[in-house]
Structure formats: C-alpha cells, structure tokens
There are 2 protein chains.
Amino acid sequence: MNSTHALPAELDAAVAFDAEGLVPAIAQQHDSGEVLMMAWMNRAALAETLATGRICYWSRSRGRLWRKGESSGQVQRLVDLRIDCDGDTLLLKVDQTGVACHTGRRSCFYRGLRNGRLEELMPVERDPRSLYGG
Amino acid sequence: MNSTHALPAELDAAVAFDAEGLVPAIAQQHDSGEVLMMAWMNRAALAETLATGRICYWSRSRGRLWRKGESSGQVQRLVDLRIDCDGDTLLLKVDQTGVACHTGRRSCFYRGLRNGRLEELMPVERDPRSLYGG
C-alpha cells in the first residue's frame with residue numbers, strides 16, 4: 001500500500017474490504033441518476049479519490065491503481081460518497097466527463113434483455129479510437 | 001444447481017460469473033433512478049428472476065437462494081435487465097415495494113461522508129421489527 005493518503009477513521013472502520021482488500025464501487029451520475037459502471041477500489045484508491053476528488057479505482061486486470069480517464073480523458077469527479085448498510089459496497093455519485101464506457105457509450109450497462117435477446121440500447125457517442133489514440 | 005429454469009442462451013454466454021459462480025447485481029428503482037442495493041446472483045438466481053419476474057439473489061451469508069422480500073414482504077419486481085460491457089456486473093431495474101434495506105430505509109446506501117464523518121441521510125421508514133416480526 002503505497003498511498004500517501006489516509007482514510008477518515010470512521011469510514012475506514014465502516015468499509016468491509018473483501019479477502020483481496022477490495023470493495024465494489026458503483027458510479028452513478030449525480031444529477032441524472034444514470035448508473036454508469038461498477039469497478040473496484042482498494043484502500044489506497046479510495047483514499048486517493050477522497051483526497052483528490054477524482055475517482056481512482058483498482059484495476060484487477062492490470063493490478064494497479066486506475067485513475068479513471070487517465071488514457072481516455074473521460075474522468076469522473078466525486079460529488080458524494082455513500083456506503084451501504086453492511087459496508088461492503090460503495091456508491092459514488094460522480095460527475096462524468098463524456099462517456100464512462102471504453103466502447104464510447106455513456107454507460108457500461110448499454111445492453112438489455114429484449115425477448116430473450118441482448119440488444120444494444122445506447123449509441124456509441126465517442127469513437128473508441130479517439131479516446132485511446134488507436 | 002437445482003434450478004428448474006434455464007437462462008436465455010445469449011445471456012448465459014454473456015454473463016461472466018466469477019470463480020464462485022456469482023455476479024454482482026445492482027438494483028435500481030426503474031423510475032426514480034435511486035440505487036437501492038447491491039447483492040449477488042448465481043445462474044439459478046438469475047434464471048429464476050427472469051422466469052418469475054421477481055428478484056431472487058444468492059445469499060452468500062446463508063448459502064442459499066434469497067427471494068428478496070421473502071421474510072419482509074419488501075419484494076422487487078424486475079422491470080428491465082441490463083448487463084455491462086464485460087459481462088461481470090448486472091443492473092436490475094426494479095420496482096421496489098416499500099423499503100429495500102433491512103434497517104427499514106428505502107436504500108441500503110443511506111450513509112454518506114460529510115466533513116470526514118459518516119452521516120445517516122435517509123430516515124427509517126419502516127420499523128425493522130414490523131418487517132421481520134421481531
């Protein structure tokens with residue numbers, strides 16, 4: 001844990017990190033109520049988020065801190081932090097710049113079940129190549 | 001897996017259940033946008049939910065299917081099922097009867113960080129003893 005930031009003691013005591021030191025964090029656009037994505041935080045990611053006001057997750061696939069938008073510019077600013085009754089899930093009320101999803105859609109939850117089939121319900125708003133310089 | 005229900009094939013292929021056969025499911029009130037809770041589903045819980053239209057989770061603490069509201073009467077009806085870009089999180093758009101939280105609050109995310117302290121931001125709407133017969 002190389003974080004230079006500390007968590008508020010009451011929050012630190014309340015968060016039930018799992019066996020891998022992670023807690024799921026739901027990102028919701030603060031004003032519209034859109035659920036944008038779900039990702040994971042460890043203690044350092046949460047502490048950095050609170051210290052900077054910019055959402056930082058823990059990337060399980062890359063095994064490192066992931067400052068949302070660090071490649072794409074599609075950052076999330078923290079507006080409010082909520083924690084659930086048993087402390088094992090966080091709800092981040094955020095202000096999302098542009099699109100949350102790496103596919104260029106506003107939300108990662110763009111597929112819905114319709115008559116037993118998965119349909120894409122949201123348009124691609126940004127070309128992923130423009131987000132990642134591909 | 002004792003489920004008598006099957007998942008639609010396309011959905012079954014899309015859901016990335018974890019090593020324990022579970023996937024996190026976020027419940028959001030379909031019209032207001034409130035994020036109510038996050039719980040887990042296994043394949044049987046998801047299949048039952050789709051077959052019945054009533055949300056069924058997998059209770060990790062009790063190690064069994066958990067038909068939301070089976071004790072409290074505070075059921076969730078499925079309005080829409082969404083899945084995220086990498087298939088490892090579900091978003092359930094639901095119609096929540098009464099309160100989602102076992103504490104009697106509308107949402108489990110009733111605590112928020114205010115000046116470094118956790119504050120309770122939602123009232124108890126239902127006495128938990130009235131929900132669980134305590």
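Trainee: What is the strand order of the open sheet of 6 strands?

Mentor: The pairing in this open sheet is mixed. Strands are DSSP runs (E, at least two residues; helices are H or I, at least four), numbered from the N terminus, and two of them pair if DSSP finds at least two bridges between them. The order is 8(A)-7(A)-5(B)-6(B)-1(B)-2(B).

Trainee: Which pLDDT do local features need?

Mentor: Residues are numbered from 1 along each chain as its sequence is written, while chains are lettered from A and ligands numbered from 1 in the order in which they are written. Side-chain values use heavy atoms, leaving out hydrogens and water, and in this predicted model totals for chains, interfaces and linings use all residues, side-chain atom pairs count only at pLDDT 80 or more, and local features need pLDDT of at least 70.

Trainee: Which residue in strand 2 of chain B stands opposite Ala27(B)?

Mentor: Strand 1 (residues 23-29) of chain B runs antiparallel to strand 2 of chain B, joined to it by 6 bridges. Opposite Ala27(B) stands Met37(B).

Trainee: Is Tyr57(A) buried or exposed?

Mentor: Tyr57(A) and Trp66(A) form a tilted aromatic pair, 5.2 Å centre to centre with 40 degrees between the planes. Rings of Phe, Tyr and Trp (its six-membered ring) pair with centres within 6.5 Å, and planes under 30 degrees apart count as stacked, over 60 as edge-to-face, the rest as tilted. Buried means under 20% relative accessible area, exposed over 50% and partly exposed in between (1.4 Å probe, protein chains only). With 0% relative accessibility, Tyr57(A) counts as buried.

Trainee: How far is the charged end of Arg105(A) from the ring centre of Tyr110(A)?

Mentor: A charge sits over a ring if NZ of Lys or CZ of Arg is within 6 Å of the ring centre and within 35 degrees of the ring normal. The charged end of Arg105(A) sits over the ring of Tyr110(A), and its distance from the centre is 3.9 Å.
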